[in-house]
2 protein chains.
Amino acid sequence: MKKSTTLSDIAIELNMTAATVSRALSDHPEISKSTKEKVKETAKKLNYNPNRIASSLRSGKTNVVGVLIPTAENAFFGSVIHGITKLASKHGYSVLIHECDEDYELEVKGIQTFIGARVDGIIVSLSRNTLNYDHFLEVQKRNIPLVFFDRVPDDLSFPTVVLDAYRGAYQATQHLIDQGYKRIAHIAGPLFIKTFNDRYKGYVAALQANKIPLDHTLMHIGDLSIESGREATRQFLQLAEPPDAIFATEDFTALGVLKELKVNKIRIPEQFGVLGFCNDVFSEHTTPSISTIDQQTYLMGRESFIMLNNMIENGSVKTSEIVKTVIDPILIVRESSMKSGNPA
Amino acid sequence: MKKSTTLSDIAIELNMTAATVSRALSDHPEISKSTKEKVKETAKKLNYNPNRIASSLRSGKTNVVGVLIPTAENAFFGSVIHGITKLASKHGYSVLIHECDEDYELEVKGIQTFIGARVDGIIVSLSRNTLNYDHFLEVQKRNIPLVFFDRVPDDLSFPTVVLDAYRGAYQATQHLIDQGYKRIAHIAGPLFIKTFNDRYKGYVAALQANKIPLDHTLMHIGDLSIESGREATRQFLQLAEPPDAIFATEDFTALGVLKELKVNKIRIPEQFGVLGFCNDVFSEHTTPSISTIDQQTYLMGRESFIMLNNMIENGSVKTSEIVKTVIDPILIVRESSMKSGNPA
DNA sequence: CTGAAAGCGCTTACAG
DNA sequence: CTGAAAGCGCTTACAG
């Protein structure tokens, strides 16, 4: 295998030292204009491409950030990655991706890999099964900037970027109330995960603010799937006093609700309102289309990188000033909840 | 910032040389068992995490592969990335992601970044606007293994992983014929992109094989969008002899067809058949659900990595034995084309 | 079985 | 304005 051109190849060609070549290429102010020109020309002629590995080793900066996610096979994370990489690349960073597949061991391995690669910073969304946070404390101990997004740890002092899920759920529920639905049920997700818990709380708070008594028969805990939406709907419909609307904690569940209601010939939105969460791609294209809460995923990626970049530039991470960025949820009103027409 | 533990920190602690420590940690056969044990224990005690940057520089191997794609904000590429990273991580590789956003300049920049990072191999899906391939020839000249998937260059000698789009389109069209549709139209994509051209050819070939004469009024070139599907459908419906089925070159176009047919109160699949391509997430959840061709995206990612890994392990890249892996398309029959019931 | 030494390709403080 | 030298943290051919 032919070796790449190095600084000293250029230096030899021009009868100068590698130090001068290095300085010329990085536009050091003390290098003469003519030298710079000669060096750059020769570099191009010899097809020089600087070895970033070598400069990283020397300078202690890799210009690489690590991104650790549960999976890339998912519109949510795909969009966040897009937000991160676009901005990262504009700032001269490369992005190392590691998927943990909701597996704790792989998450630990990913962090270890990032440390080994001496990345300048790390962005993480937690695996569903992570209960032990030692690997993240290790990152902190090594003073490597780390930002969590979306799935963030409850009780650790790291900067985070999250959606205001509570507010999103509140808006969703309020919207259903405003449209005239009277008995609004909720299909929640696993409540030990903070975002689903917040969505549940937002739902409860909106009911209370409107003086609607809580009814525990209208609450179901699902597992974030179409089938779970169907199952919950079946149970709701058998109640003595069934609901006339369902706020589902995410769109696949809402889709299950839709399917089950259609099987039962219940008209949406006239007789029954449905609202999801996430604004997953398909929710716009079902019949009827599903009202939902958009999470601004692209923005979430951007904000995560911006926060990380700030930490990298400011050097040390002060625990005293942990920043939390909160992304605004956006209510997307579609057919499935438009009982009284489009709100202003 | 506290410095990381290095090999020589361990060496000093144990009164030996860094060389011995290095060998002990990599289980070199000539190192005594007791030394290995002591070294490993001390490494753990001092929280040693080897600097991969340094070892890469020395060994000339980074254990990093670069993946260059148009965008991560897209189910297709997300799934391919998933296939790549999962396998890569199992083989001890990290994955560097670069998105080019269909922009030629960013594509070139991505390749340059990968070369600078001295990645061990590169996996690429071309940007839509790439006409000049010099940056890839540069990669070849440097003997860096490179595999293209899905959007591959026409006339360059690189290994590729592609779907057999011709066959997928043929199957799709044959299925519509088998279901009893008589006048089958096609909405194509940009024909200068190979995969859309192949889909078009597969459509034509299936018609010919069934002795169905080609009718140029039944052919429309779109731009891969819902609107383009609607527009084409509108035009088809105004023909003196309108089609009774449409094979669309991808699912968003098919969705547009669906929407326009519904506006016109045309019953699907009884009066009119619809079939898409890609098996995008939403196509399963529309009403009616859309029949389509699945591309086995996850497999495509895996195959790309496997091919790249072979090239990395075999050292040099012989132009004489360029491998082309072809992924089988899978016909997914759903409601939109089931005029005569489910085929066996 | 272990050590001494060189070197991967850069960058930068120190001289001149 | 440019050079000589050291060093980032590893690995490995050569000695012993």
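Helix 2 (18-25) and helix 4 (52-59) of chain A, together with helix 2 (18-25) and helix 4 of chain B, each supply at least two residues of the surface near DNA strand C, where a residue is near a strand if one of its heavy atoms lies within 4 Å of it, and where helices (H or I, at least four residues) and strands (E, at least two) are DSSP runs numbered from the N terminus. This is a predicted model, in which local features need pLDDT of at least 70 and side-chain atom pairs count only at pLDDT 80 or more, while totals for chains, interfaces and linings use all residues. Residues are numbered from 1 along each chain as its sequence is written, chains are lettered from A and ligands numbered from 1 in the order in which they are written, and side-chain values use heavy atoms, with hydrogens and water left out.

Of the 23 residues around DNA strand C, those that come nearest are A:Ser22, A:Arg58, B:Thr20, B:Thr35 and B:Arg58, and sugar and phosphate make up 62% of the atoms of this DNA strand that come within 4 Å of the protein. A:Ser22 places a polar side-chain atom 2.6 Å from a phosphate oxygen of DNA strand C. By class, the surface near DNA strand C has eight nonpolar, nine polar and six charged residues; here Ala, Val, Leu, Ile, Met, Phe, Trp, Tyr, Cys and Pro count as nonpolar, Asp, Glu, Lys and Arg as charged, and the others, Gly among them, as polar.

Around DNA strand D there are 23 residues, of which A:Thr20, A:Thr35, A:Arg58, B:Ser22 and B:Arg58 come nearest. Helix 2 and helix 4 of chain A, with helix 2 and helix 4 of chain B, are the elements that give two or more residues to the surface near DNA strand D.

The two protein chains also meet each other, in a contact (heavy atoms within 4.5 Å) that takes 54 residues from chain B and 53 residues from chain A. Between them the chains bury about 4,500 Å², 51% of it on carbon and sulfur atoms, buried area being the accessible area (1.4 Å probe) that two parts lose on being put together, summed over both. In chain B, the residues that lose the most area to chain A are B:Asn49, B:Ile53 and B:His285, together 15% of what that side buries.

Two salt bridges are counted between chain B and chain A, each a side-chain nitrogen of Lys or Arg within 4 Å of a carboxyl oxygen of Asp or Glu, and a salt bridge joins the side chains of A:Lys86 and B:Asp101 (3.3 Å, N to O). Helix 5 of chain B gives the largest share of the side of chain B that touches chain A, seven residues. Strand 2 (residues 94-99) of chain A pairs with strand 2 of chain B in the antiparallel sense over three bridges, pairing requiring that DSSP finds at least two bridges between the strands, and B:Val95 is the bridge partner of A:Ile97.

Technical notes:
Polar contact = N/O pair within 3.5 Å; in protein donor to acceptor, adjacent residues only side chain to side chain.
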